[in-house]
Amino acid sequence: MPVDRGGLVTYHGPGQVLGFPVGSLAQHGQDPRGVRAFVCQVQKTLKEFISAELESQGKLELSEKVSVGEDQAGVWIAESKIVAIGMAFGRSEIRHGFAMNITPLSTQFELVVPCGQIGARPASLFQDTLTPIEFMEVVQRLKLKLS
């Protein structure tokens with residue numbers, strides 16, 4: 001089914017955390033730069049969170065490879081996409097949001113081209129499955145970062 005945002009495939013499943021910003025765009029008015037700045041701030045905040053999480057795992061070499069997308073919204077670890085951002089903006093609201101891969105996705109997801117970007121592979125914050133409590137601890141740290 002066609003949607004009003006970029007990308008060719010949307011997948012949400014176990015191992016991901018989804019974030020849907022809620023609020024008004026009244027402060028942005030009709031200024032598309034304000035909307036762009038909002039998306040860039042979300043990307044920057046997620047990049048900082050991912051880098052800090054990787055550093056706390058002792059993965060300094062990976063934390064140095066975290067970057068934000070230049071042509072497409074998202075966050076990357078080297079050539080692999082860890083966060084997909086698919087926000088749409090109405091006159092006064094934000095629709096859709098982002099998906100961050102916390103643990104490895106299903107092996108079937110390997111067949112999908114993330115966000116329609118040829119050559120992109122999915123990345124995850126952790127390489128192993130986490131217990132539900134560990135997963136929620138990561139989500140709580142993310143929630144604090146986004147507050």
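Ala99 counts as buried, because its relative accessibility is 6%; buried here means under 20% relative accessible area, exposed means over 50%, and partly exposed lies in between, with a 1.4 Å probe and protein chains only. Before I go further, please note that this is a predicted model, in which local features need pLDDT of at least 70 and side-chain atom pairs count only at pLDDT 80 or more, while totals for chains, interfaces and linings use all residues. Residues are numbered from 1 along each chain as its sequence is written, and side-chain values use heavy atoms, with hydrogens and water left out.

To return to Ala99, this residue is found in strand 5. Helices (H or I, at least four residues) and strands (E, at least two) are DSSP runs, numbered from the N terminus. Which residues does Ala99 touch, not counting those up to four places away in sequence? They are His12, Gln16, Val17, Leu18, Ile82, Val83 and Ala84, where contact means heavy atoms within 4.5 Å. Ala99 and Gly15 are separated by 84 residues in sequence, yet their C-alpha atoms are 10.0 Å apart in space.

The protein chain has three helices and six strands, and from the N terminus on its elements run β-α-α-β-β-β-β-β-α. Of its 147 residues, 38% count as buried. Among contacts with a separation of 6 or more, 62% are made by residues 24 or more positions apart. The accessible surface comes to about 8900 Å², and 57% of it belongs to carbon and sulfur atoms; these areas come from the Shrake-Rupley method with a 1.4 Å probe, and for residues only the protein chains shown count as cover.

I turn next to strand 4, residues 80–89. Seven of its 10 residues are buried, so that the strand is mostly covered. Strand 3, residues 74–77, pairs with strand 4 in the antiparallel sense over four bridges; two strands pair if DSSP finds at least two bridges between them. Within this pairing, Val75 has Val83 as its bridge partner in strand 4. Strand 4 also pairs with strand 6, residues 121–122, here in the parallel sense and over two bridges. In that case the bridge partner of Ser80 is Arg121 in strand 6.

The hairpin of strand 3 and strand 4 has two residues between the strands. Ala78 is found in this loop, and its phi is near 55°, a positive value in a residue other than glycine. Is Ala78 buried, partly exposed or exposed? Ala78 is partly exposed, because its relative accessible area is 40%.

The next topic is the nonpolar core. Such a core is a set of buried Ala, Val, Leu, Ile, Met, Phe, Trp, Tyr and Cys residues joined through side-chain atoms within 4.5 Å. The largest one has 26 residues, of which Leu46, Ile50, Ile82, Val83, Met100, Ile102 and Leu125 touch the most other members. Helix 1, strand 3, strand 4, strand 5 and helix 3 are the elements that give two or more residues to this core. Helix 1 gives the most, with six residues.

Leu46 shows some of these links. Leaving aside neighbours within four places in sequence, Leu46 is in contact with Val75, Val83, Phe98, Met100, Leu142 and Leu146. Thr45 lies in helix 1, residues 32–56, and counts as buried because its relative accessibility is 12%.

The buried residues of helix 3 are Phe135, Val138, Val139 and Leu142. They cover an arc of only 100° around the axis, and therefore lie on the same side of helix 3; the arc is that of the directions from the helix axis to the C-beta atoms. On the other side, Ile133, Lys143 and Leu144 are exposed.

Val22 is exposed, because its relative accessible area is 82%. In sequence, Val22 and Ile94 are 72 residues apart, while in space they are 6.6 Å apart, C-alpha to C-alpha.
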